[in-house]
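Please keep the structure open while reading.

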Amino acid sequence: MSTRSFDPPFLLSLYRGMVRIRKFEERVKFLFLEGRMPGTIHQCQGQEACAVGVCAALGPEDVVTSTHRPHGHALAKGITVHDAMAELFARTTGCCKGKGGSLHLGDLARGMVPAVAIVGGGIPIATGMALAFKMRKQERVAVCFMGDGAVNEGAFHEGVNMGAIWSLPVVYVVENNLYGASTPIHWVTKTKTIAERSSAYGIPGITIDGNDVLAVYETAKAAVQRAREGAGPTLLELITYRITGHSRRDPALYQPAEEKARALENEPIRRFSRHLIEQGIAGAEAMERIDLEVDQEIESAIEAAVTAPEPAPEDALEDLFVERA
Amino acid sequence: MTRSGIAEALREAIRGEMRRDDRVFCIGEDIAIRGGWGGAFTVTLGLEEEFSDRMINTPISENGFFGVALGAAMMGLRPIVDVQYSDFIFLAMDQVANQIAKMRYMSGGKLTVPLVMRAPVGVTGRGAQHAQCVEPFFLPLPGIKIVAPATAYDAVGLLRSAVRCDDPVLMFEHKLLYGSKGVRAETGAVDASSEIPEDDYVVPIGKAVVRRPGSDVTIIATLQMMHRSLQAAQLLEKEGIGAEVIDPRSLVPFDWETVKASVAKTGRVVIVEESPKRSGIGAEIAATLAEEMIEYLTAPVKRVAAPNTPAPFAPPMERFYVPSIERIAQAVREVMSF
């Protein structure tokens, strides 16, 4: 991790971005287990550096697709805690007016289409968004977030291949958290890395430490720039770890204890804050202030969400077609 | 006015839409190859000469290119997706059923998916995997409008409506009705050509047409079955039976108004379909009529459909499988006996 070339405000914005996701997820988990929040949840504690590092390399005009685990991507891409929280509470003030929920969190106005909760489904879609940018000669980039499980879907092969043959402005970002739901990646994938699959498509593939937010940012920035310049896609593999269950009440008993302990030592926020202190960028006090501000941001979002109106039952009939059938 | 078959008429309609709106583009397999075929049935033949950068010739990756089209549509383009045979759309079912159909709804109505999917159907000498009528699979799927033009006039008018519509539209076309020429011509083709007016007319989505008036019985059929129903009606005329033939043209939304007005008049209904009978289009129509029109019905609603088997290959079996003019006529005679 090298912080020399970055301004302290930028570094603290990365810290704030990761803390916002972590605290959001922890608070949401609690609300869900308390039974105050409906539905199901898939959370990304431990993977915050992936979303924050990649999205820091994007502009507001760029777009991302996400997965069944979308909270981090949504917040990192600029969906507000207020809008995301209201959506998880299924309120009319949510970013999808209560029609998306956790699994389909998104808001195109913020550059994220509703999250695609079918594994791999977002890969052709992101490719198509990039095709539109190229055809319309717009200097925009699409980022496709996916988990390691997605790379064994046919949609991965079809989508990445089309991105490659047409040199589209898209970056395929694989957050390899070592498990597809509960199945270890090495049970289902023969190659040593996922990035090496890129050679099958004639595009660059890079594997990096996905818990190093600055490495993620710098690598993503280069891939985004390459895409923007018309040189085509990159397959970017970020090695990370999910320090929570796959969904709902999953205690993740399939993750060995010593692996989990190592992962907690290696989780991105602890690492980054330690680094900021060691490098003299920020004191513990500055970070505590950010933590407190994020707490307030989340609590006020919860307050707004729980007091916001629920949709009327018959609102279920709206928003299907533009031109009503 | 020029007389055209469906393939040719669609080609010119697509050309017109691409000239009118530079956001319109075509995407699919073998659609833009010089010296090629213009898709499986010549619809896009030669369009690549005029629109070299808007004819996206894809790998054989149906799930992939339906998803690509969705992504492009959400970013403001207006794709026309060409799947060579409707049978192949099953490869793209995640994108069609989970993504294309639902993206607007999941967004809370914040985004639009202006996208046309063109899919050839028809039991046509190719057996189980290139000759299905897949329409009933898509009827229960909220979020997609479905049209099925039986004439060149309707193909042009519905294509224009579909391209200009801000919602996903699935357009079923029939292989025997295309009038494809040259090496892509179909054995057993039916003349579905029309005089195509020069003006920019549209056929609205969701509007049926009465193809032939009659007061004794209502026959409801799309695509090739509509043409056979017309022939059956001519036959029945000689027997003194006046059959009204309704071509729904759109399956979603469905023009209940036109159908109900006819049923209120005739009290007798025969529904003809080229797909298997179980849970077919006829089942949906019959159920709705039973719910809402029972007091007008003077005979049981009759369905003439394919059996619940795959489409067979051998010509004698295929002739048995697809509802014939005689089977349609016989069904009408049966409902007339009440």
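Predicted model: local features only at pLDDT ≥ 70, side-chain atom pairs only at ≥ 80, totals over all residues.

Thr207(A) has Glu237(A) in E7(A) as its bridge partner. The strands concerned, E6(A) and E7(A) (residues 234-239), run parallel and are joined by 5 bridges.

- E6(A) and E7(A) belong to an open sheet of 5 strands in chain A, with the order E1-E2-E3-E7-E6 and parallel pairing.
- Strand E1 (63-65) and strand E6 (205-209) of chain A are the edge strands, and each of them pairs on one side only.
- On average, neighbouring strands of this sheet are turned by 20° against each other, direction ignored.
- Helix H8 (residues 213-228) of chain A lies across strand E3 (170-176), E6 and E7 of chain A. Relative to E7(A), H8(A) runs at about 170°.

**The sheet of chain B**

- Chain B has an open sheet of 7 strands in the order E3-E2-E4-E5-E7-E6-E12, and the pairing is mixed.
- The edges are formed by strand E3 (55-57) and strand E12 (250-252) of chain B, each pairing on one side only.
- Direction ignored, neighbouring strands of this sheet are turned against each other by 20° on average.
- E6(B) and E12(B) run antiparallel and are joined by 2 bridges. In this pair, Val147(B) stands opposite Ser250(B) of E12(B).

**The two domains of chain B**

- Chain B is divided into domain 1, covering 2-196, and domain 2, covering 209-336.
- The C-alpha centres of domain 1 and domain 2 of chain B lie 26 Å apart.
- Domain 1 of chain B gives 27 residues to the contact, and domain 2 of chain B gives 24 residues.
- On the side of domain 1 that touches domain 2, the elements giving two or more residues are helix H6 (135-138), strand E6 (145-147), helix H7 (152-164) and strand E7 (169-174) of chain B.
- E6(B) supplies the largest share of that side, with 3 residues.
- That side of domain 1 of chain B has 19 nonpolar, 5 polar and 3 charged residues.

**The contact between the chains**

- Chain A brings 36 residues into contact with 40 residues of chain B.
- On the chain A side, helix H5 (122-135) and helix H6 (154-165) each supply at least two residues.
- The largest share of the chain A side, 10 residues, comes from H5(A).
- By class, the chain A side consists of 20 nonpolar, 9 polar and 7 charged residues.

**Helix H1 of chain A and its two partners**

- Helix H1 (residues 8-33) and helix H11 (residues 284-307) of chain A have axes that come within 9 Å and cross at roughly 45°. H1(A) and H11(A) are therefore oblique to each other, and their crossing is right-handed.
- H1(A) meets H11(A) through residues including Leu12(A), Tyr15(A), Val19(A) and Phe24(A). The residues of H11(A) in this contact include Met287(A), Ile290(A), Val294(A) and Ile298(A).
- The contact of H1(A) with H11(A) has 9 nonpolar, no polar and 6 charged residues. Among the charged residues are Arg16(A) and Lys23(A) of H1(A), and Asp291(A) and Asp295(A) of H11(A).
- H1(A) also packs against helix H2 (residues 48-55) of chain A, at an angle of about 135° and with the axes 9 Å apart. This angle makes H1(A) oblique to H2(A), and the crossing of these two helices is right-handed.
- Leu14(A), Gly17(A), Met18(A), Ile21(A) and Arg22(A) of H1(A) meet Glu48(A), Ala49(A), Ala51(A) and Val52(A) of H2(A).
- The contact of H1(A) with H2(A) divides into 6 nonpolar, 1 polar and 2 charged residues.

**Two backbone details**

- Most residues other than glycine have a negative phi, and most peptide bonds are trans.
- The peptide bond from Val252(B) to Pro253(B) is cis, with omega near -10°. Pro253(B) is found in the loop between E12 and helix H9 (256-266) of chain B.
- Arg248(A), a residue other than glycine, has a positive phi, near 40°. Arg248(A) lies in the loop between E7 and helix H9 (257-265) of chain A.

Methods
Residues numbered from 1 in each chain as written. Chains lettered and ligands numbered in written order. Domains from an automatic or database assignment. Contact = placed C-beta atoms within 7 Å. Helix = DSSP H or I, 4+ residues; strand = E, 2+ residues; numbered from the N terminus. Axes fitted to C-alpha atoms, helices over the stretch in contact; angles between N-to-C directions. Parallel < 35°, antiparallel > 145°, perpendicular 65-115°, else oblique. Left-handed = near helix turned anticlockwise from the far one by under 90°. Pairing = 2+ DSSP bridges.
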